[in-house]
Amino acid sequence: MKVVFLFLLLCITTVRFAQTGNIDFNSPNNIKKFADYLYCDDDYFRAAIEYERLADINRSDTIEFKIALSYSYIKDYYSAIQKFSGIINSSVYFNEAKLEEMKVNFLINDFAGLRSYFKNSFIAVVNKYQTEGEKLFNFSYLFTDDELPSKDEFLLPFDVNEEEKISSFYDWKKEPPYKKGTLAGIMSAVIPGSGKIYAGETGDGIVSFLTTTVFAFIAYDNFKAGHTTRAWIWTSVAALFYAGNVYGSVAAAQVHNAKITFEFNDGLNVYLNKKNYYITKYEFCD
Amino acid sequence: MNFVINRKHIATTILLISSASFAQNSFDAQFNFAKKLYSNENYFDTVTELKRLLFFDEKGEFNYEANMLIGKSYKQGAKFSDAIRYLTLAEINAINIDELYNTRIEIIRINILRRTTRRAINLLDILETDERFTDRSDEIKYWRGWAYMFADDWEQAAQTFAEIDTTHVLKALAEEVDDDLYSVSFAKTISYIIPGAGQIYTGEYISGLLSLGWNVLWGYLTINAFVSERIFDGIVIANFLWLRFYRGNLQNAENFAQEKNMVISNRALNYLQFEYDGLKP
């Protein structure tokens, strides 16, 4: 009897200890717990892998959505789109997934895809976030050279407090403050350096004017003094600087245009990031 | 009666042993699994499994070893900032002087590798002034020597290795590299005196001769213009052409010396990476 009692005690204690000291690290529940921890520790790649280890039966809508989000956060946009588009209609995150899909289209600069997705799918199947989707749809026009919708139509989905900013983006896109390369070239052909000043390179313009005119004057002075050979050498130097000044002016206009386009796109991206692409923050880690 | 007591003792002993061993089993197994992944150079999975271990290890029994190994795995994947983060956690959880020292040295080695050598040298200074580590001064000097090599200060590196052993193989290497390096200031100075000389000193003979030629030409034309009392011509040639080429010659000499030095340093570091058998960062 005593032996039986001791054997039972041994088993009970072992089991009790096993519960505190022995863990099945790979049980579905523990995989989920660990994946949640990784997700909140911003280790999204590992989180996605851990979530994906769970069998379909153990995956909730939240997990499916978090897998897609994880891929999006690590910039694996191909997998992210696949996962977002795989989120089914009955999921509680269906609407969010569709909006996230639009965001991914934005991040991969697939504006044509974004617009077609919005028109053909988003409007029809999503019953929330229509305004947010429309905002992203309109924003996509600011990144491309496609014809803009009318201003009223463009501003329609935006709130009153952001109308001013969006309106300024629209105006910039409609009439960008570009400098004409041809005009810069012609200006510099007439008055050396003036094209560069027109393109915003004032210092360079003044230097161009000085160098070209000084070398031209030396050439003229040498011709006048009868030093023909020397005069032709200086004429060549002046011609070289003159040609460089014309070419440089055209290039300066192109650089100016590229710079302001870059700054404009950068401003749009900063604005959209600040607005989180019109997506509300999820509270998975609070 | 005696017989019963003996059986009780035996049973109790079995109970205690089995309980104690079960309590550690799954965590030890997980840690050993991670170590195996590490030895198989599967660093990504090593990190995952160790993070899993740490997540479930509520008692914090593996805080030092697991964080240390995560740090080392991240280091192998060249994720140096992550490596330092986990090594710092290991340092916090170190329970004896050896563990503390090892984590600090690991952090220093990573700082050397990612060329934040000033930070590495600061950490080495702290270790050197710590009385607990006075018996490890040679090892501290060794890593200081490496830090100087990665900071391109080969002369200091040679001196540091010489403090360990005057016949140290890395001392000889550092001295050799230091001898091979071009003096940037010397290259510039001789180009001030004779245009092109700095380039010739760094072995760029054609560039040096071209530089000399241009400077002689524009210098001659400038002087000629002044001698012929064409003052305006002289000023313009001197300002727009001669000075321009003269200044270019100085910059060229400096750039060549720096580029050549970089090639020499990189060749030495390459040798250390692939040929040197001793401990490396």
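Predicted model: local features only at pLDDT ≥ 70, side-chain atom pairs only at ≥ 80, totals over all residues.
The domains in question span residues 27-175 and 181-271 of chain A, and their contact takes 9 residues from domain 1 of chain A and 8 residues from domain 2 of chain A. On the side of domain 1 of chain A, Phe143(A), Phe169(A) and Trp172(A) lose the most area to domain 2 of chain A, together 67% of what that side buries. The elements giving two or more residues to this side are α8 (130-142) and α10 (160-174) of chain A, and the largest share, 6 residues, comes from α10(A). By class, the side has 6 nonpolar, no polar and 3 charged residues.

Chain B is divided into domain 1 (2-159) and domain 2 (184-271), with 5 residues from domain 1 of chain B and 4 residues from domain 2 of chain B taking part in the contact. Arg115(B), Asp152(B) and Trp154(B) are the residues of domain 1 of chain B that lose the most area to domain 2 of chain B, together 81% of what that side buries. Between these two domains the count is 0 salt bridges, but 2 residue pairs are in polar contact, both residues at pLDDT 80 or more.

| Domain pair | Distance between centres (C-alpha atoms) | Buried area | Carbon and sulfur share |
|---|---|---|---|
| Domain 1 and domain 2 of chain A | 48 Å | about 790 Å² | 80% |
| Domain 1 and domain 2 of chain B | 54 Å | about 320 Å² | 66% |

Terms used
Residues numbered from 1 in each chain as written. Chains lettered and ligands numbered in written order. Heavy atoms only, no water. Domains from an automatic or database assignment. Contact = heavy atoms within 4.5 Å. Buried area = accessible area lost by both parts, 1.4 Å probe. Salt bridge = Lys/Arg side-chain N within 4 Å of Asp/Glu carboxyl O. Polar contact = N/O pair within 3.5 Å; in protein donor to acceptor, adjacent residues only side chain to side chain. Helix = DSSP H or I, 4+ residues; strand = E, 2+ residues; numbered from the N terminus. Nonpolar A, V, L, I, M, F, W, Y, C, P; charged D, E, K, R; others polar.
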